[in-house]
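Let's take a walk through a protein model together. Have a look at the chains below, and then we'll go through them piece by piece.

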Amino acid sequence: MIKEKHLLGLEGYPAENIETIIDTAFGFREVLERPIKKVPSLQGKTIVNLFYEDSTRTRISFELAQKRLSADTINFSASSSSVKKGESFKDTVQNLEAMKIDAIVMRHPYPGAPLHLTKFVDAVVINAGDGTHEHPTQAILDIMSLKEHFGRIKGLKIGIVGDILHSRVALSNIHGLTSLGAEITLCGPATLIPKDIEKLGVNISYNIDEVMDWADAINVLRIQMERMGVGLFPSTREYRNLFGITHERLERHDKKLVIMHPGPMNRGVEIDSNVADSSQAIILDQVLNGVASRMAILYLLLGGKQEAV
Amino acid sequence: MKINKLNKNVFLKDGTIYDPFTKKNIRGNVLITNGKINGIGDIKAPSGTEIIDCTNLVITHGFCDIHAHFREPGREDKETLQTGAKAALAGGFTRVCVMPNTNPPLDDPESIRFIVEKATETPIYIHPIGAITKDQQGKEITEMGAMKAEGAIAFSDDGVPLQNAYVMRLALEYAGMIYVPIINHAEDVPLRNDGVMNESEVSTRLGLSGNPDIAESTMIQRDLQIAQSVNSILHIPHVSTQKSVEQIKKFKLAYSIVTSEVTPHHLYFNDEALTTYDTNLKVAPPIRTEDDRQALINALKDGTIDCIATDHAPHTIEEKEAPFDLAPFGMIGLESCFGAVNKILVKNNGMKIEELIDLLTIKPRKIMGFEQDLFADGTLAEITIIDPIEKWTFKKEDIYSRSINSPFIEQELYGKVKCTIVKGLIAKI
């Protein structure tokens, strides 16, 4: 049903694959609402969560998805492993492969690392975020959440706001949403919009109020303080004034704009606390859909059939 | 490749002989006796002569590369003068200028002497380029006078851009006094920032940080203005952008002692090739856009850029197996050079083979001040024999460098070096 062995990114990834994953994920979403939230679909499969970069929600979400599918799960974090002793990436992954594993879910600080990984192993590789490149499973759960809310993706107007330059979430969302027919406007400081990104088929705006007028939903990105070298924007106060999704801004708009955030949030910087907690925000739905869509991805890539759900 | 001593008499028979010095193009034979030219043209082979059939081949001057990294001293695991010289022979190069970013750098007369002495043991002519500043720190200029006396033919901090404009001015003034070129790796370091590839739609898609074309062109603009104001010789290495070409073109009209080079890889690849994250394509300056590539080809055709230089930069497999962000900058280039540039310039862009040969022989020699008529009687033979139309696939086995970091592996090339003659030796490739 899905021919592509790995899920490395959504650039060039077939739209029908995304649709299949999301359809399957809605099935698993139903499983997650049951009193017994476990199915035997991936019994006997071994999955390694290979995290070269710290992560809380993505790692837990994947681990939970694996456990719900009855797969055997091994967690690996670079900070407490042989990587610390200087073992090379190639050696680490070839050792894992030698232990007969079926899939590797990898988070890595450097772009292209999952593609690199596929050269060294036969296992299925799922990208859980590679530097400033892609985060395909996050985009799929975002798309699923939009579909859940609006019932469609085609023709939806989505604003993606914030630090586009350092955001793998933005890039995967752009590829996934445009391939399914949504319209996208990026909004953020000019210094945080990467070169020629409009060539990917998106609009760019520096006026958040215009974008909020235009959009059906706004995906608010985290301002990544840890990625900042020199001051790419002058201050968080200035950022909040120009681009913050504030309560006042939201009040000025009549329509019920849907608010999303991939987390973790900087409350009071890119998003006001009461906006994040409002009924317009679907941030916690995104989290639950994250588990369901990751279940679907693991299930489909590790040889499951959709009917078996 | 087989390397042997030349027999007393060697007769290169029935070739097309192109002399880049006199621009004469004749059919005929070349006789080499005791390693020296002993007649060219319609001549007969003396009895007992080794005959090399050159039918359908071009006999010309040995190629000259004015930009290579042979890593000795310090990183002999990547390359040595000996292994680099073998790579050069395989690529048809009889003369190579080596960059000083070794460990320690070639920043004093003693280290220049070390290279010159060690080079005598290698099968090609090797000329060291001295560092512009002590320890390549960009602060104090080196003892250029004494280094030139030991054999340094130019000065460069290649790999490390000379960021301080005042030091650049001093270096140009001082080197101008002793009449040697300054070669500045032209990249504005703050503007380059942490860029690992060209800044474009492609870098955006790959999530890799971009190095904008203006990081190069603004630095070149600065260097050109300083060179002109102090009336010194500037050579611009590895030009990679259209904007740089425009600057150089404009400047050359008013100020003639500016020269520049382009690498085979900037002529061959564009940034779309990086979508595989192939670390062998990670170079400094980066592989640019298709528009830039076309501008570089045109700049060679109209003379804005003077010559081709490989920027042969060996790195270990382990280093290049790292993620793209962490891999070092550079690729090897000597062995694949001719087949690559002949394909792009002659086959695909209509340049005459003679013009291409000039870009690999007389023109780089002129920049470094050692042009001469290598076909004059009595000259020590420095000859390269090429098949200008042979199609071949570049393989790992074609590499003689100690490192194999080449994106040309498995590329189909056009034109092949068959034989290199230098220092009384003959290499048959």
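In chain B, the centres of domain 1 and domain 2, taken over C-alpha atoms, are separated by 26 Å. Domain 1 covers 2-59 + 377-428, and domain 2 covers 63-368; these bounds come from an automatic or database domain assignment.

Before going on, some ground rules. This is a predicted model, where local features need pLDDT of at least 70 and side-chain atom pairs count only at pLDDT 80 or more, while totals for chains, interfaces and linings use all residues. Residues are numbered from 1 along each chain as its sequence is written, and chains are lettered from A and ligands numbered from 1 in the order in which they are written.

How many residues of domain 1 of chain B are in contact with domain 2 of chain B? There are 33 of them, and they meet 41 residues of domain 2. Here, two residues are in contact if their C-beta atoms, placed from the backbone, lie within 7 Å. On the domain 1 side, the elements giving two or more residues are E17, strand E18 (412-422) and strand E19 (425-428) of chain B. E18(B) gives the most, with 7 residues. Helices (H or I, at least four residues) and strands (E, at least two) are DSSP runs, numbered from the N terminus.

The chains touch as well: that contact takes 19 residues from chain A and 16 residues from chain B. On the chain A side, helix H4 (113-118) and helix H6 (168-179) give two or more residues, and H4(A) gives the most, with 3 residues.

The table sorts two of these touching sides by class.

## Strands side by side

Now zoom in on strand E6 (residues 58-61) of chain B. It runs parallel to strand E2 (residues 9-19) of chain B, joined by 2 bridges, and pairs in the antiparallel sense with strand E17 (residues 383-393) of chain B over 4 bridges. Two strands pair if DSSP finds at least two bridges between them. Ile59(B) has a bridge partner in Ile17(B) and another in Ile385(B) of E17(B).

Gly15(B) lies in strand E2 of chain B. Is Gly15(B) buried or exposed? Gly15(B) counts as buried because it has 22 C-beta neighbours inside 10 Å; the cut-off for buried is 20 or more other C-beta atoms within 10 Å, with 12 or fewer for exposed and partly exposed in between, and C-beta atoms are placed from the backbone. Not counting residues up to four places away in sequence, Gly15(B) touches Cys54(B), Leu57(B), Val58(B), Ile59(B) and Ile385(B).

## Chain B as a whole

Chain B has 14 helices and 19 strands. Its C-alpha atoms fill a box of roughly 65 × 45 × 45 Å, taken along the principal axes. Of the 429 residues of chain B, 60% count as buried.
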